[in-house]
Amino acid sequence: MRTLIFRTVAPYLSSLMVLFSVFVLLRGHNEPGGGFIGGLIAASAFAIYGIACGVSPVRRALFFHPMAIAGSGLMMASIAGLVSILAGVPFMTGLWVYIPIFGEELALSTVLLFDVGVYFVVVGAITSIALALEERATD
Amino acid sequence: MNAYMPSTTFFVLLSPFIAALFAPALTRLFKHNAAWLLAIVPAAIFWHFSTFLPDVANGEVVTGGYQWIPAFRVNFSWLIDGLSLTFALLISGIGALIVLYSGGYLKSHPHLGRFFSFILMFMGSMLGLVTSDSFLMFFVFWELTSITSFLLIGFDHKREASRRAALQALVVTGGGGLFLLAGLLLIWNVTGISEMSLLLRSHTALADSPFYIAIFVLVLGGAFTKSAQFPLHFWLPNAMEAPTPVSAYLHSATMVKAGVYLLMRLNPVLGDTVAWETVLPIFGGTTLIVGTLLAIRQTDMKLMLAYTTVSSLGLLVMLTGFGSEKAVEAAVLYLVAHSMFKGALFMVAGAIDHEAGSRDITKVGGLMASMPIIFAAAFASAFSMAGLPPFFGFLAKEEIYAGLWHVEAWPLLLTLVAIVGNGLMFVIGFAVALKPFLGEKKAPGDHPHDGPVLLWLGPAVLAICSLVTALFSELTHHYISSPMSTAVEGEAVSVHISIIPHIGMPLYLSLVTIAFGVVAYRNVDRLRAAMTRLLDAIGWGPDQGFDQFIRGTVRLSFRVTQVVQPGRLEIYMKATFILLAIAVMVPMIVFDELPAMPKMPEYLSLYETAIMAIAAVGLLSVLYAKDRLTAIVSLGIQGFAVALIFMLFGAPDLSFTQFMVETLSVVILALVMTRLKLTPTDHRSVGKTAIDLIISVVCATAFVLLLLSVTQLPFDASLSDFFTRYSLSIAHGANIVNVILVDFRGTDTWGEIAVVMVAGLAILSLIRIRLRPAVPIATNDPSEEERR
């Protein structure tokens, strides 16, 4: 599958897909999208990169082990839930803060943190499976 | 609830666990002298509980506690009446002495700190058990005593015998705990009561219930396993593998009495029925006789004492079940007496073992001069055990005969059983207390002597207690015996027996017992030989039965595993899909819920038709694909078509996800294909293909029917309305699907991503497994294991 065209295009394609996945993640609260679908897009981006250029460049680019990324995602999601308990409301209650930046209000929330956690879990888990399979396919 | 000192009692109940936490550190600092510090905890508990004595003696019942899970009416609550108070005092009082004794007995043991920790944890569990008011708390502490007992029996975990004994005790008492749990839940269901104190006021609610027999059997299942009734007694002698302080504390004075405690506690509500007054004396009486006979056969002092503990527990069960007020008084007195003399005798046996180098009565002798204090304690305790004045055991035995004696067949039989049992216990008591001390001096160890104060303090204090409680019997009865009997009987009882012998039937029966005991003592060697011959002739006991049971269970589970987990993916998938089809189809047919034939849409737009055609083409090419890779990709075509349909019908999120999932499935399936090095083409025989075809068609039909009948139900829009209304206003999000996922049902998603993560880990490890041909895969076959 390592044709010249695929190998040339794959890095651009993958980086665009990762960028797009972040966009999908962030718009998710009001438009179609969200952490799960964003995570799937990013995971396919890494899978494509891996198929085109081999597994080790992907691992280098990711820097962390994908399972560690998934773990950190799960921890973020858990923290997002636990913060509510510290604030004295039931577990997983959404908390919101509005930060004014350049005249606009930036809405941050534990819900966002939770969604980012979902994103990381999906990216990490699926990427680690895909990379492990690709690794064995090529060795 | 009475608010009498609630917080102090709570802290007191907690304190042994706190002490257990610090015990290892203290032991590292002070070596075995940490015992003096740690004994302060049980001593303080003893002092705290003794402050309840005056109130409880006046007939008061102290309760207190906190709400634990209010929604289920589960409380952390305690009940202190005569019964629980006596137990609490025995546990903490003897506990303090045992902690001190452990310091002497395990003086230079490398894990002394751990030992202190375990024994304090046990103490806390046992205290919790006897003071629990709520059923759930009672059960939790009941199981905690089993677990801590497991840790203590297996303390010397490098010996196989210890490990086996620990496991055996855990299996038997833990299994009994499950019976107890079922029994308590049944009581809870039948009466709606979850607290002992309320249950005791429910009069005959349980005895009249149609579930009485079930409750009765389940409660006995718990009590008989814990209190080692025949034929479940075998774990108790085996538990003597534990260090002697454990035997003295758990397996004579406290834990094994938990079953008796349960029976006594429930006597007012479960007792007074034919079942209770028949089953309990039969099991108790059998245990009494079997226990003493097996004790005669032993020469190891600890084992002799262990078997007499079994028989004493039998005697207690028998008396509790007999039903008369006097019998209950006798059970109460004997329970207190037994805790004191048996605890002391065990510590004596341990001290002899420690100082003289053996605890076999045929190997040690003539130690009286070198171990005077131990001898005095042993002698006094044996007097109490034999039921001789002026010790507390005498009061108990007089009351036993007073309670049992009636000129009727059943009481006469039980009286006879009691005489034989008591007579044989007389023999054992003196065999342990006299044989090692009298006669020609012999000891495997060098310089036998009384040893350090830590070693002799426990037995000495307990022996003195046996004497003092009997001498001041009026006070003992006022504060201990009468309140406890009242609690067990369920109505006011006052105990009067004193050490001054009264001419009457009980005294004559005592004399008969003593005469029988003396004769038997002189012939103890002959009796032992006879018993050995008898047991050899039988050749099988419950102990072997336990092993056979465990082996059988292991073999059975191996066979079952071989059937249900054959390790072939093909079979797993077939089973899953067949069950799925059955689960969906059968209820629909049985309950006549098959959907009506759907109407064909009148107008189908061109692109809708086109998309469906694409899906159909995708599916057909799956069926006709020459190799697997083509099939996988073709399946993807069908998936994409479905995603398009989602898009057309206004579910962009769903369709979006479907696209990504399809893409990734194709990629990952293709990777797996290359990874697993499967043959590229299908190699199933025609027959197999036909079976698989049938399964898949049935599954597919089932799902079509299910979906059709779901859409034909009237649509309940209340949830969607709720989400539509509140998504933006309270969750600040316009995309309802995402808001549901991350906010309204965030906890669900949280669980799901945890599953994703775990599944990822599992798959990763499966991929990474590299089979090494040199190491054969373990089959876990028990017969292979036994051969090894």
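Predicted model: local features only at pLDDT ≥ 70, side-chain atom pairs only at ≥ 80, totals over all residues.

**Stop one: where chain B meets chain A**

Colour the two chains differently and go to the place where they touch. Chain B brings 39 residues to this contact, and chain A brings 48 residues. Between them, about 3700 Å² is buried, with carbon and sulfur atoms giving 73% of that area. How many salt bridges are there between chain B and chain A? The count is zero. Polar contacts are another matter: ten residue pairs make one between the two chains, counting pairs with both residues at pLDDT 80 or more.

Now stay on the chain B side and select three helices: α28 (652–676), α31 (736–744) and α32 (746–768). Each of them supplies at least two residues of the side that touches chain A. Which helix gives the most? That's α32(B), with 14 residues. Sort that side of chain B by class and you get 24 nonpolar, ten polar and five charged residues.

**Stop two: a nonpolar patch on chain B**

Two helices of chain B, α25 (569–590) and α29 (686–712), each supply at least two of the patch residues. The largest share is four residues, and it comes from α25(B).

**Stop three: two cis peptide bonds**

Most peptide bonds are trans. For an exception, zoom in on the bond from F230(B) to P231(B): it is cis, with omega near 5°. You'll find P231(B) in the loop between α10 (212–226) and α11 (235–238) of chain B.

Then move along to P389(B) and P390(B). The peptide bond from P389(B) to P390(B) is also cis, with omega near 5°. Look for P390(B) in the loop that runs between α17 (372–386) and α18 (392–404) of chain B.

Finally, hop over to chain A and select M92(A). Where is this residue? M92(A) is in the loop between α4 (66–86) and β1 (96–101) of chain A. Most residues other than glycine have a negative phi. M92(A) is not a glycine, yet its phi is positive, at about 75°.

Definitions and conventions
Residues numbered from 1 in each chain as written. Chains lettered and ligands numbered in written order. Heavy atoms only, no water. Contact = heavy atoms within 4.5 Å. Buried area = accessible area lost by both parts, 1.4 Å probe. Salt bridge = Lys/Arg side-chain N within 4 Å of Asp/Glu carboxyl O. Polar contact = N/O pair within 3.5 Å; in protein donor to acceptor, adjacent residues only side chain to side chain. Nonpolar A, V, L, I, M, F, W, Y, C, P; charged D, E, K, R; others polar.
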